[in-house]
Amino acid sequence: MASKADHVRKPARTKILSAGALCAATVLGVAGLTAGGASAAEPAVPTADYNNDGYADLAVGVPGATVGGKAKAGYVNVVWGGASGLGKHGSTTVSQATAGVPGMAEAGDAFGTAVDSNDMNGDGYSDLIVGAPDEDNDAGLSAGTVAVVWGAAGGFKGGFTAANGAFSGGSYGQLLASGDFDEDGDKDIALNTHFDETSSVSVRPGPFTSGSPAGLSRVEGWHFAGPRALVAGDFDGDGADDLAFSYDGMEVSGTAVKSRDAGTGEWRTTWSTGDSTDTGLATGDFDGDDTADLAIGNVQPNPESESTHCEDRLGGAILTVYGKQGSTLGGPSSCTTQSGPQVGGSPEAGDDFGARLASTDTDQDGRDELIAGSEAEAVGTAENAGTFWFLTATGTGTDLAGPAFSQNSAGVAGTAETGDRFGAAVTAGDYNGDRLPDFAVGTPGEDAKSGGVWYARTPTNDPGPEMTSVTPGKLGLSGASGYGAVLSR
């Protein structure tokens, strides 16, 4: 594909709302991801500020990148935030060839397959949590590893191995989420593990210091099945993080929330549904009642189940389950699809509506909005061109509604082309430090699969914001492939 780095204005086309709808969506920037149950009325402190300069930074996992001639060794590119937003303040690349980062850059390690951000040692700097699911262990087995790379004033300073797979095909680090699940003040890491025909969700508890215990606490496991997405949030309002995960296999699928009992250390199920296969997860306070809600994306039927939460699922649905004081997700639920007039586009098989989700309070009104991405959405005749939606609860109800945007929407750089995969990842942060929210959308198929990230700052008045591209070429990166497929929370 030809480069599309320059900003281009053009009319909306099939499946995308008109330019007028874009201008009406004046809240189309996105703040840092809100913690479940917390009021979003106050601008959030950046959740991914690795150099602690007050600007959120964007971590882009590039597991297919070549490092030192090693194909698919992988790296994480951190795009620095600043007064001019993303792409104007440079970036840095972190790999296993970076001084102080555990391991060695080897072909096929896939370092950067999953990336999360949190302050893992309480020093005020956000840290990188990086999965390399094909990393060899000390026995030479492709078992996977999870590393923590410490944020610092100069960018990054060394790292720590948080978890190492013991068996071939362990796939440690394929999925990641972080939070304080045992309420001991130390951050913990949730990850997937695999052995033979069994997969699990496990937690590696903190602290992450030399000599600290590296054992894993098993949360849930499956035979001939495994996890597909993880997200942390305080779904019962007790002050400790809970873990939500979706899973899928030969005869089982669904989404569950688990809480760790502080007394016994056991994990107990506090909410679950087994009537669908689900891909995307996000938590936020969508109805503004100061309880954590859970959005479940790309809901598809489970043929083994006799019941369903979402009857209409052509092209996928987003199930939103609302919180209630004193319970775990004890409020109502709603299903959002492209079938209704209040959601941009029209439903088609294979759309994967809501396969990628992020939440934030864009207009600072105390109610989070939901950003939903679908890399498989067609735009006109361009298959897998990709789209994202900006969804908000309607009135005082629980239904979500909002416009759709592609690279054919007015104000969005580029042109929607087959295989661009616009919306393959979505995330948010205050990248320009104005205490108003911004957002980023991954487009890994752009420029002959070199990839890119589309960035928009918060608009302060009409019309809606322009979305500009941040690409490997603009950043001077080498060896990039599929840039934008993995974005840190």
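Guide: In this predicted model, Glu 220 and Lys 258 form a salt bridge whose closest N and O atoms are 3.4 Å apart. The two residues are 38 apart in the chain, Glu 220 lying in strand S11 and Lys 258 in strand S14.

Visitor: Is Lys 258 buried or exposed?

Guide: The general idea is to read relative accessibility, where under 20% means buried and over 50% exposed. Lys 258 has 7% and therefore counts as buried, whereas Glu 220, at 23%, is partly exposed.

Visitor: How many salt bridges does the structure hold?

Guide: There are four. Among them is the pair Glu 375 and Arg 421, with an N to O distance of 2.6 Å. Glu 375 lies in the loop between S22 and S23, and Arg 421 in the loop between S25 and S26, so this pair ties together parts 46 residues apart in sequence. Arg 356 joins Glu 375 and Arg 421 in a network of salt bridges.

Visitor: Which strands pair with S23?

Guide: As a general idea, side chains in a regular strand alternate between the two faces of the sheet. Here, S22 runs antiparallel to S23 and is joined to it by five bridges, with Leu 370 opposite Leu 391. S25 is also antiparallel to S23, over two bridges, and there Phe 405 partners Phe 388. S24 pairs with S23 in the antiparallel sense over two bridges, Ala 401 standing opposite Thr 392.

Visitor: Why is S23 described as largely enclosed?

Guide: Six of its seven residues are buried, so the rest of the structure largely encloses S23.

Conventions: Residues are numbered from 1 along each chain as its sequence is written. This is a predicted model: local features need pLDDT of at least 70, side-chain atom pairs count only at pLDDT 80 or more; totals for chains, interfaces and linings use all residues. Side-chain values use heavy atoms; hydrogens and water are left out. Buried means under 20% relative accessible area, exposed over 50%, partly exposed in between (1.4 Å probe, protein chains only). Helices (H or I, at least four residues) and strands (E, at least two) are DSSP runs, numbered from the N terminus. Two strands pair if DSSP finds at least two bridges between them. A salt bridge is a side-chain nitrogen of Lys or Arg within 4 Å of a carboxyl oxygen of Asp or Glu.
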